Amino acid sequence: MSASTSAPLLAEFETPEALVRALRLARADGHRLLDAFTPFPLEELSGALAPPRNPVRLVMALAGFGAAAAMYGLQWYSAVVAYPLNSGGRPLHSWPVFSLVPFEFGVLAAAVAGFATMLWACGLPRLNHPVHDMPQFERASQDRFLLLVAPKDGPAPLRRRLEEAGALLVSEMHG
């Protein structure tokens, strides 16, 4: 396995202090912190494992406004260019008449795009994660503290660093 595609390492710690120490060492060395699993919340982890920027709002705005603009353009083209119908001297391009359908369609498109983007951003539908197959993961909700880290240059230097920080067990996660 090449250095760029090295499997993440899952390190098991006995105390929260050892986990936080390993997290700081791994981050200082430039490794990518993926996740931490603890039996109770640790305040030190909230800033260190900040989630990536969520694209849902941007995608919803683009889909909603884009679909509304497309629907308005379709109505305008059909009423003004393709089949103009003069009904009682009213203008062919009457924007108040054209506003309801684009609004509704824009809301629908934004909702569908937001739902699809949320599923994509969360990695769903994924019924099983490879970390669940690791034997030490069972104790993460009881009395162990686990740190999942992606090595930058290969697993050996990161493994040594995690063991120096107090890891009881360091294993590669495959899958």
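Accessible areas come from the Shrake-Rupley method with a 1.4 Å probe, and for residues only the protein chains shown count as cover. The protein chain exposes about 11,200 Å² on this basis, with 62% of that supplied by carbon and sulfur atoms. This is a predicted model, in which local features need pLDDT of at least 70 and side-chain atom pairs count only at pLDDT 80 or more, while totals for chains, interfaces and linings use all residues. Residues are numbered from 1 along each chain as its sequence is written, and side-chain values use heavy atoms, with hydrogens and water left out.

**View 1. Overall chain.** The protein chain has six helices and four strands. Helices (H or I, at least four residues) and strands (E, at least two) are DSSP runs, numbered from the N terminus. Along the sequence, their order is β-α-β-α-α-α-α-β-α-β. The radius of gyration, taken over C-alpha atoms, is compared with a globule rule of 2.2 Å times the number of residues to the power 0.38. The protein chain has 26 Å, whereas a compact globule of 175 residues would have a value near 16 Å. Its C-alpha atoms fill a box of roughly 85 × 35 × 30 Å along the principal axes. Buried means under 20% relative accessible area, exposed over 50%, and partly exposed in between (1.4 Å probe, protein chains only). Of the 175 residues, 33% count as buried. A contact is a pair of heavy atoms within 4.5 Å. Among contacts with a separation of 6 or more, 79% join residues 24 or more positions apart.

View 2. Rolling a probe the size of a water molecule over the atoms shows where empty space is left. Here the search runs on a 1 Å grid over the protein atoms alone: a pocket is an open set of points where a 1.4 Å probe fits, with protein on both sides within 12 Å along at least five of seven lines, and lining residues have an atom within 4 Å of a point. Grid points are joined across faces, edges and corners, and a volume is the space filled by probe spheres set on the points. The largest pocket has a volume of about 440 Å³. Its lining has 18 residues. Leu33, Leu34, Asp35, His129 and Leu148 lie nearest the centre. Strand E2 (residues 32-37) gives the largest share of the lining, five residues. Ala, Val, Leu, Ile, Met, Phe, Trp, Tyr, Cys and Pro count as nonpolar, Asp, Glu, Lys and Arg as charged, and the others, Gly among them, as polar. By that scheme the lining of the largest pocket has 13 nonpolar, two polar and three charged residues.

**View 3. The second largest pocket.** This pocket holds about 220 Å³ of space. Its lining includes Ser78, Ala79, Tyr83, Leu85 and Arg90. Phe98 also belongs to the lining. Helix H3 (56-82) and helix H4 (95-98) each supply at least two lining residues. The lining divides into seven nonpolar, four polar and one charged.

**View 4. Positions along helix H3.** Glycine 73 lies in helix H3. Glycine 73 counts as partly exposed because its relative accessibility is 33%. Its C-alpha atom is separated by 12 Å from that of serine 94, 21 residues apart along the chain. Alanine 82 is also in helix H3. At 48% relative accessibility, alanine 82 counts as partly exposed. Alanine 82 and alanine 28 are 54 residues apart in sequence and 64 Å apart in space, C-alpha to C-alpha.

View 5. Phenylalanine 103 sits in helix H5 (residues 100-122). Phenylalanine 103 has 53% relative accessibility, so it counts as exposed. Proline 125 lies in the loop between H5 and strand E3 (145-150). The peptide bond from leucine 124 to proline 125 is cis, with omega near -5 degrees.

**View 6. Proline 16 in helix H1.** Proline 16 belongs to helix H1 (residues 16-28). Proline 16 counts as buried because its relative accessibility is 18%. Leaving aside neighbours within four places in sequence, proline 16 is in contact with Phe40, Leu42 and Phe145. Proline 16 and alanine 150 are 134 residues apart in sequence and 20 Å apart in space, C-alpha to C-alpha.
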